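Hi everyone, thanks for coming.

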Amino acid sequence: MSTEKAVYFFGGGSADGRADMKNLLGGKGANLAEMANIGIQVPAGFTITTEVCTHYMKHTHSYPPALDADVRAALARVEQIMGSKFGDPVNALLVSVRSGARKSMPGMMETVLNVGLCSATIPGLVKKTGNPRFVYDAYRRLIAMYSDVVMEKAAGVEPAEGMGIRQQLDRLLDGVKKAKGYASDADISADDLQALVGQFKAKVKEVLGREFPDDPYEQLWGGIGAVFSSWNGRRAVSYRRIEGIPDEWGTAVSVQAMVFGNMGDTSATGVAFTRHPATGENVFFGEWLVNAQGEDVVAGIRTPNPLNEATKNEQNKHLPSLETAMPEVYRPLHDIRDNLEKHYTDMQDIEFTIQEGRLWMLQCRTGKRTGTAALNMAMDMLAEGLITNETAVMRVAPAQLDELLHPIVDPAAEKSADLVAKGLPAGPGGARGQVVFTAADAVEWAKQGKKVILVREETNPEDVEGMRAAVGILTARGGMTSHAALVARGWGKCCIVGAGALEVDVHKKQIRVGGRTFLEGATFTLNGTRGHVYAGQLAMMDATENPRFQQFMAIADGFRAMNVRTNADTPEDAAKARGFGAEGIGLFRTEHMFYGKGSEQPLFLLRKMIVSTTVAERRAALAELYPFVKKDIKATLAVMDGLPVTIRLLDPPLHEFVPQAHEERAKLAAALGISVEALAKRADDLHESNPMMGHRGVRLGVTFPEISEMQIRAILESAAELLKEGTKVFPEIMVPVVGMVSELEDQKKLAKQVEAEVLAKYKMKKIPHMYGTMIEIPRACLTADTIAETAEFFSYGTNDLTQMTFGFSRDDIGGFVPEYLEKKLLPVDPFQVLDREGVGQLVALGIKLGRKTRKKLKVGICGEHGGEPNSVEFCHLVGMDYVSCSPFRVPIARLAAAQAQLQYPRKKK
Ligand code: PEP
Ligand code: MG
């Protein structure tokens, strides 16, 4: 272990730790320490570091030798401050044992509460509180939690469906309620509870083969070990995979004096956000329950009460707010809210408990928020003078912008829609899909390419994979701070919780609402921003043109050192990308004019050209094709009006375009005046065993120079005409799949010749343009110094470069990469996130060598990585001039580039 100290104390107005020690103390431990330091009342406790977790995992679940003594010493300090003693028969201290990773993983790890209750301490506590019901209720909760978390999950016991110890104990509890006719847990008497704990203990022994431990220290160490082990629990592992949290981090464990929100009507518990987590509005927002334990709020079992009058909604407007029910507690809580916001200068997510009228803070952490809320809060806090421009820019994760640019339900369509229920707006935007009722079904249906809405009765962290797979999440119960809501909001996923009108029957896979029944597969549309649930499929629209978004992006742009361009192949895409702030086109893939809308005729002519066997035939076909190519290029150059446009010469293997259908072949054969058989033979001749490494890219231009010639002419003539018409243009001619400078020189001769011809034709002296290359073959990186003698710019094609460097076929990774990810042989899909370790070295080397030859060499990226935040950061670090990505990702790349410059400043050009 690198740090000696394994246990950090907090409480009584001071602490060993601080907020910036999250790596060691986890978010929870670090913030408890911070709150103690700034004089906010927290129950005393201590945090065992993440390093101990790592040790525990590495050493077959054993602890560093000094830990036992350290824990005892810290516990003694807690006892002193709280005025009670762990295991004491007269005045027992009870503790909670909680997880806390560096980054919050809501509900993904385990907690054990009420540790220290045993036959030795119970009588004293009954006497002290005068409340046997409370004590036995706490004890039955301990047994249920402990047997589930420590004796079953952490012990690796895998019960059959429905036979988990927790479920079996719940059935005993339900049995008592039924037998006695109790409506809720709160009705169960002290005697019943006392009898029930006896049954609980017997059941634990029967099912798990071990006695429930009656020694407080055994309970404590069992809890600590189980929380550490829960780092490797299924839920936590899934969540980490989705969130990209490294397995090595580990969790800390905080052991903290218990305070009770369930000691009667002057006790309560709640969860709150210092600002609204869905809209960002500057209001104190939260939920609370009287006479309850904290878990009751987040588990989403009861619909909680609103914190204050200002934030009441449809679902809870009839329920009492804390503001009116306990004003003498609400006021100091509100002060703490102000205090925390000023101290942290960010929105905090807090948990509090009121024990017999006394307020205790149990947790604070930076609150998860939707993209909309992130943006609004950043802009508000900037205006309030709480944060600087730099901080505001760092406050929105680039991926969250996606959500702002994502579709919402068309308000016009919504007016006449079939509204079936209203719930709480837990996750933003709109979603429409078919309803499914289990996480497994959601995953399965999504795999089949279906869009699904996961419908559950209540929120449950076990569903995390299904929630991820679904386009939207809908639950009948739960509040805005329930786990599902937190998780969905973190992902920016459309989510509605607490739609109480829905009767969800998971077994029958159906929803009943208002006398109607909807079966699995029915289509629903959710408006997650309003909390409205509609039957059927509604129209959607884009949520752009938000002026705050524009202001925010303008601030971010002020910091950026890199330009952001777009990959666009049509004038329409180019125009859309300009709207998103693209500063040029980094990749215009010529071949895309042969796919999709309006491509029929150019495709036919291209095919004619491909199956030509003589130069004369091919030239004739190219001449016919020329006007189409020129028209597209010219229109795109015109849209980009003076911004640079990189136009790539034809890249893909030609056989991809050969028609397969008989009818198409017959038409083509007729046009060429040859037989269908002769055409088939020509097509067969084009077949390649390994087309990705075959006759493609510059190799086409070398073997069929007339193809390059036609394209270069189209580019330069378009430019010449636009210049004459008074439009500024700046085309960049780009050669793909280059491995050797000789290839580039070969094509450059052609380019020069065409340029001379075009200048003469238009009687011009100059057409400003550049001649450069894609860098997508490892050899090009290794010989970049010589390549830069001819190339005036490099554009990294990291799709092919990743393919060639890993030797992974980009078209076939589906067969093995998922398993590589599963087995952790790869941390992420390298086609999504640039592999800095391998591919990145080639990129960096290529830039270094290239700039050795040509100091001002312009360098960019046009592979898919150009719109992925982590990869954009890498591009910044290696000194690229620009990144280029698809239109929708342009704002993401702009923000990622700004954040990269703020974190790793480099000289701006
Ligand atoms: C690349 O290889 O990264 C690239 C942009 O080209 P394409 O995807 O068209 O092969
Ligand atoms: Mg490529």
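Okay, let's start at Glu-356, which sits in the loop between E12 and strand E13 (358–366). Buried or exposed, what is Glu-356? It counts as exposed, because its relative accessibility is 52%. The cut-offs go like this: buried is under 20% relative accessible area, exposed is over 50%, and partly exposed is in between, with a 1.4 Å probe and protein chains only.

Which residues does Glu-356 touch, if we skip its neighbours within four places in sequence? They are Met-263, Thr-266 and Ser-267, where contact means heavy atoms within 4.5 Å. And Gly-264, 92 residues away from Glu-356 in sequence, is 7.4 Å from it in space, C-alpha to C-alpha.

A quick word on where this comes from: it's a predicted model, so local features need pLDDT of at least 70 and side-chain atom pairs count only at pLDDT 80 or more, while totals for chains, interfaces and linings use all residues. Residues are numbered from 1 along each chain as its sequence is written, chains are lettered from A and ligands numbered from 1 in the order in which they are written, and side-chain values use heavy atoms, with hydrogens and water left out.

Next, some backbone angles. Thr-345 has a phi near 45°, a positive value in a residue other than glycine. You'll find Thr-345 in the loop between helix H12 (327–344) and strand E12 (348–355), and it is partly exposed because its relative accessibility is 23%. Asp-641 also isn't glycine, and its phi is positive, near 30°. That residue lies in the loop between helix H23 (615–640) and strand E29 (644–648), and at 44% relative accessibility it counts as partly exposed.

Then there's helix H2 (residues 50–58), whose buried residues are Thr-50, Glu-51, Val-52, Cys-53, His-55 and Tyr-56. What do they pack against? Among the partners are helix H1 (22–37), strand E3 (45–48) and helix H3 (67–82). Just after H2, Thr-60 takes a positive phi of about 35°.

Finally, zooming out. The protein has 35 helices and 34 strands, and 58% of its 909 residues are buried. Its C-alpha atoms fill a box of roughly 105 × 60 × 50 Å along the principal axes. For a sense of distance, the C-alpha atoms of Asp-170 and Tyr-904 are separated by 54 Å, with the two residues 734 apart along the chain. Asp-170 itself is in helix H6 (residues 165–180). That's my tour, thanks!

Definitions and conventions
Helices (H or I, at least four residues) and strands (E, at least two) are DSSP runs, numbered from the N terminus.
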